[in-house]
Amino acid sequence: MTRRPFVCGNWKMHTGSQTAVSLALDVSEGAAAHSAVEVAIAPPFPWLENVARRLRDGPVSVAAQNCHFEEKGAFTGEVSPGMLRDAGCTHVIVGHSERRTLFGEDDSLVSRKVAAVLAASLRPILCVGETLEEREAGSTMDVVGRQVQKGLGKVELVELPLVTIAYEPVWAIGTGRTATPEQAQEVHAAIREIICSLGGEDAGSSMRIQYGGSVKAANARELMSMKDVDGALVGGASLDAFEFTEIIAAAAENA
Ligand code: PGA
């Protein structure tokens, strides 16, 4: 089964209202040459609507970096999936390791968010990944397996194809230290096995699994040449349109 590579830029808490628009337009121009790749960017909340409007009908979709699991209510400071859809988003990143470690999100909260995103007709990018301590203790697959199973716990089988999983080893995020292509492949293949056992061969073989953690133009080709690596979730390098476009081009080579 051929899977269309999917590259998403996670801008985290970076850019201003003007730089967000110019970066988005530059990415859109770069992505236009690589239609074999699905491309999304995830700007901070305040810029979503404007960026989505400027990118409308172009090759780049807009993702949010987080959401609440309720549609509305007394949840000061939170943003619902429906609001994100109204703002023009099509995807939401859920369970990023920074949310898990800095903001206390656990698997049960993450699974509610994944379900809420789908209920709002948006597509979740479910992030999973082990810490350095967990890797060194040999528990990578226990941790990642649990995060995948629990994160997808409230997803109907028919909805599985709408989910993207991002494998992001915590020790590789923002550290300049990337997993080797072999390390990434090993975990991606194991995640695909889990999806096959949950939803059947078709669901497993069609699901996109992105790698994330210090992806740059210089290492993207090698990582995405691995059989089960179907794109990337890119942090720091997505803030530079040229570098990000190079990563999209690397994904296109493996499409
Ligand atoms: P990084 O971040 O590319 O800066 O390591 C990746 C991520 O956190 O999604």
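Lys-12 places a polar side-chain atom 2.7 Å from an oxygen atom of the ligand. The model is predicted, and the distances given here are computed from it. His-96 also reaches the ligand through its side chain, where an N or O atom is 2.6 Å from a ligand oxygen.

The ligand is surrounded by 13 residues. Lys-12, His-96 and Ser-214 are among the closest, together with Glu-168 and Gly-174. By type, the shell consists of seven polar, four nonpolar and two charged residues.

Lys-12 has a further partner within the protein. Side chains of opposite charge can pair when their charged atoms come close. Lys-12 and Glu-98 form a salt bridge, with 2.9 Å from N to O. This pair joins distant parts of the chain, since its members are 86 residues apart. Lys-12 belongs to the loop between β1 (6-10) and α1 (17-31), while Glu-98 is in helix α4, residues 97-102. In total, the structure holds 14 salt bridges.

Aromatic rings also take part in contacts with charged side chains. Arg-99 has its charged end over the ring of Phe-103, at 4.2 Å from the ring centre. Arg-112 is positioned over the face of Phe-69, 3.9 Å from the centre of that ring.

Terms used: Residues are numbered from 1 along each chain as its sequence is written. This is a predicted model: local features need pLDDT of at least 70, side-chain atom pairs count only at pLDDT 80 or more; totals for chains, interfaces and linings use all residues. Side-chain values use heavy atoms; hydrogens and water are left out. A residue is near a molecule or strand if one of its heavy atoms lies within 4 Å of it. A polar contact is a pair of N or O atoms within 3.5 Å; within protein, one must be able to donate a hydrogen and the other to accept it, and residues adjacent in sequence count only if both atoms are side-chain atoms. Ala, Val, Leu, Ile, Met, Phe, Trp, Tyr, Cys and Pro count as nonpolar, Asp, Glu, Lys and Arg as charged, and the others, Gly among them, as polar. A charge sits over a ring if NZ of Lys or CZ of Arg is within 6 Å of the ring centre and within 35 degrees of the ring normal. A salt bridge is a side-chain nitrogen of Lys or Arg within 4 Å of a carboxyl oxygen of Asp or Glu. Helices (H or I, at least four residues) and strands (E, at least two) are DSSP runs, numbered from the N terminus.
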